[in-house]
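Thanks for coming. Please look at the sequence and the structure as they come up, and I will talk through a few parts.

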Amino acid sequence: MTDRELMTQIKRNRSEQAFECLFERHKAMVTSVCRRVLNNEQAAQDAAQLTFITLFKKVETLSDEVNPPGWLHRSAFLISRNLKRKLAIQASRELEMAKIPEMNGDKGNDNAWEELAPFLDEAVNQLSDKLREVVVLCFFEGKSRRQAAEALNCSENTLAQRISR
């Protein structure tokens, strides 16, 4: 069953089985986005859970044209970003002065990736819906061009044009 068919089942019947299937398909991608934005495992798990709760609550108001992976990525990013802000406010209230830990450089390129990863999600979030769906499916979920084209209901040529942008 496609993601859109699962969404239809959830909308019409509040199908827990369809929701569970959608959850299992996309939980790794959603949690990964949350981890990159928050850089905190527990907060990332909370944000990922909230992303799926939000989907379940809003499913009836979503257009039938919504592609779940793209919607989930954007929602995970926005929820994580908001949680990150709340955590920062909380930390600043608990400490007189927020201190950024020094990076000691022992980790080589890991530090560079940790610094850049949140910007990747910011950039993906700023893409149009159509482009974000392609990026999420091909680069975050590892779908082949054929699989992504099928999921987006378009030809592989159309998908290739979107990727080249």
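This is a predicted model: local features need pLDDT of at least 70, side-chain atom pairs count only at pLDDT 80 or more; totals for chains, interfaces and linings use all residues.

Let me start with the cores. The largest nonpolar core holds 28 residues, and Val30, Cys34, Leu55 and Leu72 have the most contacts inside it. What does Leu72 touch, leaving aside residues up to four places away in sequence? The list is His26, Met29, Val30, Thr51, Phe52 and Leu55.

Now the helix pair. Helix α7, residues 145–152, packs against helix α8, residues 156–164, at an angle of about 100°, and the axes are 9 Å apart. That angle makes α7 roughly perpendicular to α8. On the α7 side, the contact uses Arg145, Arg146, Ala148, Ala149 and Leu152; α8 brings Glu156, Leu159, Ala160, Arg162 and Ile163. By type, the contact residues divide into 6 nonpolar, 4 charged and no polar.

Last, the loops. Most residues other than glycine have a negative phi. Arg14, in the loop between α1 and α2, has a positive phi of about 50°. Asn39, in the loop between α2 and α3, also has a positive phi, near 55°. Are these two residues buried or exposed? Arg14 is partly exposed, at 31% relative accessible area, and Asn39 is exposed, at 56%.

Note on methods: Residues are numbered from 1 along each chain as its sequence is written. Side-chain values use heavy atoms; hydrogens and water are left out. A nonpolar core is a set of buried Ala, Val, Leu, Ile, Met, Phe, Trp, Tyr and Cys residues joined through side-chain atoms within 4.5 Å. Buried means under 20% relative accessible area, exposed over 50%, partly exposed in between (1.4 Å probe, protein chains only). Contact means heavy atoms within 4.5 Å. Axes are lines fitted to C-alpha atoms, for helices over the stretch in contact, and angles run from 0 to 180 degrees between N-to-C directions. Helices (H or I, at least four residues) and strands (E, at least two) are DSSP runs, numbered from the N terminus. Angles under 35 degrees count as roughly parallel, over 145 as roughly antiparallel, 65 to 115 as roughly perpendicular and the rest as oblique. Ala, Val, Leu, Ile, Met, Phe, Trp, Tyr, Cys and Pro count as nonpolar, Asp, Glu, Lys and Arg as charged, and the others, Gly among them, as polar.
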